[in-house]
Amino acid sequence: MRIDIITCLPGLLTSPFSDSILKRAQAKGLVEVGLIDLRAYATNKHRTTDDYAFGGGAGMVMTIEPIDNCITELKSKRVYDEVIYTSPDGERLVQSVANELSLKQNLIILCGHYKGVDERVRQHLVTREISIGDYVLSGGELAAAVIADAVIRLIPGVLSDETSALSDSFQDDLIAPPVYTRPAEYKGWKVPDVLLSGHQAKIDEWRHDQSLDRTRKRRPELLKKGHI
Ligand code: SAH
């Protein structure tokens, strides 16, 4: 898989991809991440990528030309499954969206800034719009990092324990059960006996019950989705 992130602030994205799981995924050749500096595609003297809004009002708008130039060049190199624009009014990023995107080959993620992009970018160049939640960020970079992280960790081989992503919250419309590690007792606070019993069937049953219980208490709407 390849993910190309178009941004006017590539520096904001270097650190999320240079550590831990996302770094290893690239080192293992399971994913390539391109941080594309939008300014390199600006044709004006000062390499600006924004301009005043037609009709007036506060806030700059990202211009279409550098974005079009950038996407056109990327598309000349490979076929992209989606050109995603990070946008607070887009489709909400939920686990099923991450699952679906993890099966794609090549993705572009376009980060907005200021007031957002010229509407014609959304109409003609973007194929999908994704929001990471109902709040407004100052730019799309953190959203792009969140989307890329949620997707990349699902690629087979990225997590050391292949089944680990499947047992995370939301994968089966359930919240993950509680987890414990050593010591078995700390300041008198004990780990549930069943986890120390060595009886795998009982442990699995306990975990499933805990998942159901947590989901009922914390996210009852997930159960209503009819899975269980
Ligand atoms: N004027 C816009 C917000 C612009 S915020 C509006 O009211 O909808 C600047 C940029 O940050 C956006 O273009 C988008 O790329 C990014 N952004 C902000 N909030 C986001 C969110 N919740 N999810 C994804 N991207 C977001």
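## Reading the ligand site and the sheet

Tutor: Start at Gly-140: one of its backbone N or O atoms lies 3.5 Å from an oxygen atom of the ligand. The protein covers 84% of the 560 Å² of accessible area that the ligand has on its own. Keep in mind that this is a predicted model.

Student: Which other backbone atoms lie by an oxygen atom of the ligand?

Tutor: Look for N or O pairs within 3.5 Å. A polar backbone atom of Thr-86 is 2.6 Å from a ligand oxygen. For Gly-112, a backbone N or O atom sits 2.9 Å from an oxygen atom of the ligand.

Student: How many residues surround the ligand, and which are the closest?

Tutor: Count residues with a heavy atom within 4 Å. Here 20 residues surround the ligand. The closest are Tyr-85, Thr-86, Gly-112, Gly-133 and Tyr-135.

Student: How do the residues of that shell divide into nonpolar, polar and charged?

Tutor: Sort them by residue type, with Gly counted as polar. The shell has nine nonpolar residues, ten polar and one charged.

Student: Which strand gives the most to the shell?

Tutor: β5 does, with four residues. β5 (82-92) and β7 (128-131) each supply at least two.

Student: How do I read the sheet, and what is its strand order?

Tutor: Strands of a sheet pair through backbone hydrogen bonds, either parallel or antiparallel. In this model, five strands form an open sheet with parallel pairing, in the order β2-β1-β6-β5-β7. β2 (32-37) and β7 are at the edges, each with a single partner strand, so one side of each has no neighbour in the sheet. From one strand to the next, the twist averages 30°.

Student: How many bridges join β5 to β7?

Tutor: Five bridges join these parallel strands.

Student: Which strands does helix α6 lie across?

Tutor: Contact means heavy atoms within 4.5 Å. Helix α6 (residues 141-152) lies across β1 (2-7), β2, β5, β6 (106-110) and β7. Relative to β1, helix α6 runs at about 175°.

Student: Now the backbone. Where is Pro-183, and is its peptide bond from Arg-182 cis or trans?

Tutor: Check omega. The bond from Arg-182 to Pro-183 is cis, with omega near 5°. Pro-183 is in the loop between α6 and β8 (185-186).

Student: Is phi of Tyr-114 positive or negative?

Tutor: Positive, near 55°, in a residue other than glycine. Find Tyr-114 in the loop between β6 and α5 (119-124).

Key:
Residues numbered from 1 in each chain as written. Predicted model: local features only at pLDDT ≥ 70, side-chain atom pairs only at ≥ 80, totals over all residues. Heavy atoms only, no water. Polar contact = N/O pair within 3.5 Å; in protein donor to acceptor, adjacent residues only side chain to side chain. Areas by Shrake-Rupley, 256 points an atom, 1.4 Å probe, with all protein chains shown as cover. Pairing = 2+ DSSP bridges. Axes fitted to C-alpha atoms, helices over the stretch in contact; angles between N-to-C directions.
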